[in-house]
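Here is a friendly walk through one chain, from a single residue out to the overall fold. Have the viewer open and follow along.

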Amino acid sequence: MKTPDIDWPSTVNPVIGESADEVAGKLADAVAEQLEQALASRDRASIALSGGSTPKPFFERLRDKPLDWSRVDVTLADERWVPFESSDSNERLLHEHFLQGAAAKARFIGMKQAHESANAGQPLAEQALSELAWPLDVLVLGMGNDGHTASLFPDAPEIDRALDVSQPDRCMALHPASQRQARLSLTRRALENAGWIALHLKGEDKMDTLRAAMDDMTAVREMPIRLFLSLGLNLFWSP
């Protein structure tokens with residue numbers, strides 16, 4: 001497939017495929033390679049994954065990779081403040097499509113805690129996340145049509161603190177006006193130091209959003225994905 005006619009910034013490495021399945025396979029291969037390299041140099045490796053429908057085929061390919069999953073820490077880039085039983089739960093998504101077979105041996109550390117509100121649960125989530133191997137070895141992000149990534153929504157009242165490089169917490173409760181549920185998201189501090197970052201997208205609408213984001217990568221607050229486009233990432237996209 002011909003790569004979209006875009007003047008890609010030097011910080012973006014585009015991997016383009018004909019289909020979502022093809023791109024899912026390429027992403028699974030790349031992530032497995034990164035995790036294998038990390039495990040070769042230290043006791044544990046860590047990865048943060050994103051929810052949504054796009055990553056399902058990627059999850060199902062990654063879980064079959066012959067890694068020492070018992071030495072891999074898995075968490076989420078963000079989570080909706082909903083029960084595990086909810087169809088909106090990213091934790092449930094991972095358990096159904098990724099933490100199966102050999103990958104079930106991975107150590108999963110979730111964000112959702114036994115509190116009614118995201119604000120009340122944040123300290124416990126922060127404590128749980130401290131058990132991971134930091135910085136993250138691998139981070140796989142998605143992106144919304146408003147330019148948000150993880151749960152760094154432009155219309156969240158807390159967005160400035162979440163994007164503040166001096167913010168000490170690794171996760172934060174956010175309450176975007178555009179969303180039905182409160183969210184817990186990894187902050188800039190936790191996300192930007194990942195050793196290898198991928199952005200996994202599908203559809204022409206997402207490519208249009210990406211073009212808009214790359215037009216002016218200085219306005220991070222308006223489209224938080226710009227932060228990661230500037231830092232450097234590997235784009236995995238299919239029509």
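His 200 sits in strand 9, residues 196–202; strands here are DSSP runs of E with at least two residues, helices are runs of H or I with at least four, and both are numbered from the N terminus. With a relative accessible area of 7%, His 200 is buried. Buried means under 20% relative accessible area, exposed means over 50%, and partly exposed lies in between, using a 1.4 Å probe and protein chains only. Leaving aside residues up to four places away in sequence, His 200 touches Val 23, Leu 27, Thr 54, Pro 55, Phe 58, Val 140, Leu 141, Gly 142 and Phe 236, where contact means heavy atoms within 4.5 Å.

A word on the model: it is predicted, so local features need pLDDT of at least 70 and side-chain atom pairs count only at pLDDT 80 or more, while totals for chains, interfaces and linings use all residues. Residues are numbered from 1 along each chain as its sequence is written, and side-chain values use heavy atoms, with hydrogens and water left out.

| Pair | Apart in sequence | C-alpha to C-alpha |
|---|---|---|
| His 200 and Phe 59 | 141 residues | 12 Å |
| Ser 117 and Val 12 | 105 residues | 37 Å |

Ser 117 is partly exposed, with a relative accessible area of 32%.

Now to the aromatic rings. A search of the whole structure finds four aromatic pairs. One of them joins Phe 58 and Phe 59, a tilted pair at 5.6 Å centre to centre with 45° between the planes. Rings of Phe, Tyr and Trp (its six-membered ring) pair if their centres lie within 6.5 Å; planes under 30 degrees apart count as stacked, over 60 as edge-to-face and the rest as tilted. Both Phe 58 and Phe 59 are buried. Elsewhere, Lys 112 lies over the face of Trp 81, 4.7 Å from the ring centre; the rule asks for NZ of Lys or CZ of Arg within 6 Å of the ring centre and within 35 degrees of the ring normal.

Which residues of helix 4 are buried? They are Ala 118, Gly 121, Gln 122, Ala 125, Glu 126 and Leu 129. Seen down the axis, these buried residues fall within an arc of 155°, so they line one face of helix 4; the arc is that of the directions from the helix axis to the C-beta atoms. They pack against strand 3 (72–76), strand 7 (171–174) and strand 8 (183–186).

A cis peptide bond, with omega about -5°, joins Trp 134 and Pro 135, and Pro 135 lies in the loop between helix 4 (118–129) and strand 6 (138–141). Ala 150 lies in the loop between strand 6 and helix 5 (159–162). Phi of Ala 150 is near 50°, a positive value in a residue other than glycine, and Ala 150 is buried at a relative accessible area of 8%.

Finally, the whole chain. It has eight helices and ten strands, and buried residues make up 56% of its 239 residues. Among contacts between residues at least 6 apart in sequence, 71% join residues at least 24 apart.
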